[in-house]
Structure formats: C-alpha cells, structure tokens
Amino acid sequence: MAYFEWADDLVIDNGPIDKDHRQLVDLVNELHTATSQGRGQDVVARILDELIRYTVEHLQREEQLMASLNFPNLVQHKQGHDKFIEDLHGLHKKYAAGSFTVASQLSTVLRDWLSLHIRRSDKEILSFVKKSGPKSNLGLAHSKK
Ligand SMILES: [Fe+2]
C-alpha cells in the first residue's frame with residue numbers, strides 16, 4: 001500500500017486538476033520512499049525541490065482558475081496557499097541547513113495538507129462550479145472516467 005494512497009474521493013475534474021494532484025501524490029510517495037530507505041541527500045534534495053516547485057505551480061494554476069470563474073472565496077484560498085508555501089519554504093530551508101529529519105517530516109506535512117486541500121478547498125471550487133451551471137467549466141465536460 002502506498003504511503004499516500006489515491007482515492008476516489010480525491011477526484012475533482014477528471015482533467016488537469018486531477019493530473020496535478022496525482023503528480024503531487026506520486027512525488028510525496030517518492031519522497032517518502034527515498035527518506036525511509038535512507039537514500040542519498042542528493043536524491044532527497046532533488047525530489048524535495050521538484051515537489052515544492054510543482055506544489056507552487058499547482059496552486060498558482062488553481063488561483064488562475066478561481067479568478068477566471070469569479071470564485072467568491074479566492075482571497076481566502078489564496079491566503080491558505082500562501083501560508084502553506086511559506087511553511088514549505090521554511091522546512092526546506094531547515095533541510096538545506098542540515099536538518100535531514102525534516103525531509104520525512106515534509107512528506108507527512110505534504111500528505112496531510114494535500115489531502116485536506118483536495119477534499120475541502122478544491123471540492124468547494126467544484127461545488128461552486130456545479131451550482132453556477134454549465135457556463136462555468138472545470139473540465140467537467142469530459143468528466144466520464
Ligand atoms: Fe489542488
């Protein structure tokens with residue numbers, strides 16, 4: 001069983017958002033495997049960099065999407081994203097300063113945060129889109145599995 005298991009209730013749009021989330025889930029699992037197997041610092045650092053970069057890009061994509069949908073809670077969501085990115089950078093700095101236990105802590109932090117982020121924040125966007133009718137599109141046109 002994977003460290004961070006993909007589940008049906010994580011599905012948002014059967015499209016680009018899910019693709020991002022799945023990629024992030026894979027990276028969290030990669031980080032967890034690397035740290036629990038005691039892989040070299042260079043391997044862990046590479047995965048960490050990729051994970052942080054991808055998380056930041058993903059959250060930016062979601063903010064653009066929310067803006068294009070005139071999503072009413074954009075400001076609150078963005079504040080949540082900014083706070084999380086700040087925390088990630090803080091942990092990354094600790095890791096770079098030589099605190100290697102931070103890497104395994106980061107896989108837990110990312111798994112828990114992402115899982116909540118998808119199940120709460122992103123689901124909120126989804127229900128807004130559903131309420132707004134067919135004019136708003138979250139890629140739901142191709143929502144068949
Ligand atoms: Fe998301």
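Which residues in α1 meet which residues in α2? From α1 come Asp20, Gln23, Leu24, Leu27, Val28, Glu30, Leu31, Ala34 and Thr35, and they meet Val43, Val44, Ile47, Leu48, Glu50, Leu51, Tyr54, Thr55, His58 and Arg61 in α2. Two residues are in contact here if their C-beta atoms, placed from the backbone, lie within 7 Å.

## Ground rules

This is a predicted model, so local features need pLDDT of at least 70 and side-chain atom pairs count only at pLDDT 80 or more, while totals for chains, interfaces and linings use all residues. Residues are numbered from 1 along each chain as its sequence is written. Helices are DSSP runs (H or I, at least four residues), numbered from the N terminus.

## α1 against α2

Helix α1 covers residues 16–36 and helix α2 covers residues 41–68; their axes come within 10 Å and cross at roughly 160°. That makes α1 roughly antiparallel to α2 (the label for angles over 145 degrees). The axes are lines fitted to C-alpha atoms over the stretch in contact, with angles running from 0 to 180 degrees between N-to-C directions.

As for handedness, α1 passes α2 in a left-handed crossing (the near helix is turned anticlockwise from the far one by less than a right angle). The residues of this contact divide into 11 nonpolar, four polar and four charged. In that count Ala, Val, Leu, Ile, Met, Phe, Trp, Tyr, Cys and Pro are nonpolar, Asp, Glu, Lys and Arg are charged, and the others, Gly among them, are polar.

## α2 against α3

On to the next pair: α2 packs with helix α3 (residues 74–96) at an angle of about 170°, with the axes 11 Å apart. These two are therefore roughly antiparallel as well. On the α2 side the contact is made by Leu48, Ile52, Thr55, Val56, Leu59, Glu63, Met66 and Ala67, and on the α3 side by Leu74, His77, Lys78, His81, Ile85, Leu88, His92 and Tyr95. The tally for this contact is 10 nonpolar, four polar and two charged.

Leucine 59 sits in helix α2 and counts as buried, with 20 C-beta neighbours inside 10 Å (20 or more is buried, 12 or fewer exposed, and in between partly exposed). Leaving aside neighbours within four places in sequence, leucine 59 is in contact with His81 and Ile85. Its C-alpha is 9.5 Å from that of histidine 77, 18 residues apart in sequence.

## The nonpolar core

The largest nonpolar core has 19 residues, and those with the most contacts inside it are Val28, Leu31, Ile47, Leu48 and Leu51. A core here is a set of buried Ala, Val, Leu, Ile, Met, Phe, Trp, Tyr and Cys residues joined through C-beta atoms within 7 Å. The elements giving two or more residues to this core are α1, α2 and α4 (101–132), and the largest share, seven residues, comes from α1.

Take leucine 31: apart from neighbours within four places in sequence, it is in contact with Ile47, Leu48, Leu51, Ala103, Leu106 and Ser107.

Isoleucine 12 lies in the segment before α1, yet it is buried, with 23 other C-beta atoms within 10 Å. Beyond neighbours within four places in sequence, isoleucine 12 is in contact with Ile17, Asp18, Ile118, Asp122 and Leu126. The C-alpha atoms of isoleucine 12 and glutamate 124 are separated by 10.0 Å, though 112 residues apart along the chain.

Most residues other than glycine have a negative phi. Asparagine 14, in the segment before α1, has a positive phi of about 50° and counts as partly exposed, with 16 C-beta neighbours inside 10 Å. Asparagine 70, in the loop between α2 and α3, has a positive phi of about 55° and counts as exposed, with 10 such neighbours.

Definitions and conventions:
Parallel < 35°, antiparallel > 145°, perpendicular 65-115°, else oblique.
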